[in-house]
Amino acid sequence: ADDSVLWFTEGATVYYSYLILRRAGIISDDQYAAIRARIGERFAANPYRRTVPLAEAANDDLGDKEMVNLLYDGGMLAAETLDRHIALATGGSRGLIDVLRLLYETNPHGGRVGEREIADAASRVAGRDLSEFIVRLIREPASLPSDPDVSA
């Protein structure tokens with residue numbers, strides 16, 4: 001993977017970690033909502049949110065707490081947004097997990113996965129071209145929603 005997809009790697013990991021805990025009953029829906037709200041609030045207050053694209057967050061500066069928060073919080077929000085967007089495009093039948101599965105199936109030995117591969121896989125899963133949507137999501141600062149109730 002290249003550094004411009006750290007948002008995807010870390011974001012999908014955080015997003016699915018919380019979903020699994022919720023679905024397994026380890027955290028309640030209310031706890032999940034509170035965690036999601038805190039992530040949204042921290043993202044909204046992040047001083048880099050309006051100036052640093054998510055694809056560039058923490059690529060060179062993992063020593064900066066706010067930059068790391070931008071990467072993890074923004075990555076989680078981007079993963080959630082992409083999951084919702086795919087679900088809307090497919091009537092709820094597909095989601096981000098299908099993108100992860102497709103990426104694995106087309107590259108089981110861990111070769112390079114970059115923005116193009118992610119966009120292509122998401123587009124295939126959604127049944128429509130999501131390239132521009134993903135570019136806006138990760139390349140335009142402040143393009144991510146931070147509101148816990150926002151829909152993609």
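## Helix H1 against helix H2

In this predicted model, helix H1 passes helix H2 in a right-handed crossing. H1 covers residues 6–23 and H2 covers residues 29–45, and the two pack with their axes 9 Å apart at an angle of about 160°. An angle over 145 degrees counts as roughly antiparallel, and H1 and H2 are therefore described as roughly antiparallel to each other.

On the H1 side, the contact is made by Tyr15, Tyr18, Leu19 and Arg22, and on the H2 side by Asp29, Tyr32, Ile35 and Ile39.

## Helix H1 against helix H3

Helix H3 spans residues 65–89, and its axis and that of H1 come within 7 Å and cross at roughly 75°. Angles of 65 to 115 degrees count as roughly perpendicular, and that is therefore the description of H1 and H3 relative to each other.

The H1 residues that make this contact are Leu6, Trp7, Glu10, Gly11, Ala12, Val14, Tyr15 and Tyr16, while H3 contributes Leu71, Tyr72, Gly75, Met76, Ala78, Ala79, Glu80 and Asp83.

## Aromatic pairs

How many aromatic pairs does a search of the whole structure find? The search gives 2. Trp7 and Phe8 form an edge-to-face pair, with 5.4 Å from centre to centre and 70° between the planes, and both Trp7 and Phe8 are buried.

The rings of Tyr15 and Tyr16 form another pair, with centres 5.1 Å apart and planes at 65°; since planes over 60 degrees apart count as edge-to-face, this pair is edge-to-face too. Burial means a relative accessible area under 20%, so Tyr15, at 5%, is buried, and Tyr16, at 13% relative accessibility, likewise counts as buried.

## The chain as a whole

The protein chain contains 6 helices and 0 strands, so that its elements run α-α-α-α-α-α from the N terminus on. The chain has 152 residues, of which 46% count as buried. Among the contacts in the chain with a separation of 6 or more, 65% are accounted for by residues 24 or more positions apart.

Notes
Residues numbered from 1 in each chain as written. Predicted model: local features only at pLDDT ≥ 70, side-chain atom pairs only at ≥ 80, totals over all residues. Heavy atoms only, no water. Phe/Tyr/Trp six-rings, centres within 6.5 Å; stacked < 30°, edge-to-face > 60°. Buried < 20%, exposed > 50% of the residue type's maximum accessible area, 1.4 Å probe, protein only. Axes fitted to C-alpha atoms, helices over the stretch in contact; angles between N-to-C directions. Helix = DSSP H or I, 4+ residues; strand = E, 2+ residues; numbered from the N terminus. Parallel < 35°, antiparallel > 145°, perpendicular 65-115°, else oblique. Left-handed = near helix turned anticlockwise from the far one by under 90°. Contact = heavy atoms within 4.5 Å.
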